[in-house]
Number of protein chains: 2
Amino acid sequence: MLDDTKALAGNMLLATLSRADAALVSPWLENFEMILQKELYQTHQSIDFAYFPLGGICSVIAENAQGTRVETGLIGREGFVGIPIILFAEKASSRIIVQAPGRALRMSSTKLLEAIELSRSFHKLLLQFAHVFSVQVTQAAISNAHNTIQQRVARWFLMCQDRADAREFPMTHEFLSKMIDVRRAGVTDALASLEGIYAIKALRNRVIILDRSILEEIAGGSYSVAEKEYARLIPA
Amino acid sequence: MLDDTKALAGNMLLATLSRADAALVSPWLENFEMILQKELYQTHQSIDFAYFPLGGICSVIAENAQGTRVETGLIGREGFVGIPIILFAEKASSRIIVQAPGRALRMSSTKLLEAIELSRSFHKLLLQFAHVFSVQVTQAAISNAHNTIQQRVARWFLMCQDRADAREFPMTHEFLSKMIDVRRAGVTDALASLEGIYAIKALRNRVIILDRSILEEIAGGSYSVAEKEYARLIPA
DNA sequence: AAGGCCCCGTGCGGTTCCGTACTCTTTGGG
DNA sequence: CCCAAAGAGTACGGAACCGCACGGGGCCTT
């Protein structure tokens, strides 16, 4: 339970709420520590909570019937984790893990359903984010079909940095290779090549972004589409 | 305007409506002929109508900032075209073209927005379909990242046949190559190989599905996930 | 009947990425 | 301080696709 409405401002969706909506959801939100590697949702499992990150990054990882996994999106404090709830899907269709730790506000699924029942404006806001996220997944689909590993890595770094609010963040080659579903050695090569043109600095367990503009150039057209859609729909 | 509510039964979403919801939307629906190649939505353009197909197939084609295009999903009479409307996104994020002609019922965006305002159960149904479609896009993203052309073609045939209600449907190699964003010759090879194991018969301008079970085996795990999600959420 | 256009089969060199696997470095725990 | 484990660089043969290109065959129009 949160009596201090100012805490809402840490999440960019909650920050846009009207006074009435803020008063509605505030009592139902509680603090939650998103610990690294924590699995927020499991595929096909029922969903207990929605999470509104105040920091950190969540990886949305899809799985097919054979267990092949690919990351389809990232969610940070610009959004929320729990889209299937507001689409009345009841169960998670993707795995969601904490990729970078941080704090979040969370609300039980039942309270969230109650909230969107009581406030159409709140429901609308969350649905608009669901739309933006679907654009993100769509762009991932294009990128996976058409881009090289180097391009996909560049896109991933850009999206990651947008949510990390830092030039540097932790990451292993092994982890990234699982996210984009390629060989670990493929990631090593791509990183070495990006480092060669001074776009990044690759260190053990972490990466430093040196030049975003180079990354944007390399990423091709699959970065920025979802970002523009967010800017169009969600007030700053 | 449709006075005959029986026409609703041709679309599997409308068919599930309660008496009250059917009475609500019926007056706002009108007949529409989906002509081959017709562009229902254009990327970034505002949306005038939602379409509830009674037959035929619509291709959802995403585009990135550089104009690279990939098909991310198919919609037939099991669903509807107009997800961005009910997510309050106002504009189309993908191009949608009629891949196989058929009839549809359509409703203006403003009327649809009014309808979901008046009936929560109607909104819920459409949102559930939006969820299923997002699963479809997600599975496309996995398939694009991980599967061979042959596997992706097999998946496409299965999804196409589900909506075509026929063993045979028209298609050129060129068209399919643009849908999955590969070389035209790559499609030719994949088809020849699928024909060699008697899964399909490839003819000029059309294909005949001979053995679905072979296709399902080849498609890997990316077919059936969205289909199961549909069956779980939308009553038959 | 002829000409032209679309559809499709085929070929070739080149690139990307895969599977596998070995080595070396760095790090944290006993 | 040493050792096991994890992270990261490197290598190699093979598979999948690419871009490009040529040619043959079916189909429609004039």
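Q: Which element gives the most to the surface near DNA strand C?
A: In this predicted model, H7(B) gives the most, with 4 residues. Here a residue is near a strand if its C-beta atom, placed from the backbone, lies within 6 Å of it, and helices are DSSP runs of H or I with at least four residues, numbered from the N terminus. Residues are numbered from 1 along each chain as its sequence is written, and chains are lettered from A and ligands numbered from 1 in the order in which they are written. Local features need pLDDT of at least 70 and side-chain atom pairs count only at pLDDT 80 or more, while totals for chains, interfaces and linings use all residues.

Q: How many residues surround DNA strand C, and which are the closest?
A: 17 residues surround DNA strand C. The closest are Thr148(A), Val182(A), Gly186(A), Thr172(B) and Ala185(B).

Q: Which helices supply at least two residues each?
A: They are H7 (184-196) of chain A, and H6 (173-179) and H7 (184-196) of chain B.

Q: Changing topic, how many bridges join S9 to S10 in chain B?
A: Strands S9 (residues 200-203) and S10 (residues 206-209) of chain B are joined by 4 bridges and run antiparallel. Strands are DSSP runs of E with at least two residues, and two of them pair if DSSP finds at least two bridges between them.

Q: What is the bridge partner of Ala202(B) in S10(B)?
A: The partner is Val207(B).

Q: Which residue of that hairpin takes a positive phi?
A: Asn205(B) does, with phi near 70 degrees, in a hairpin that has 2 residues between the strands.
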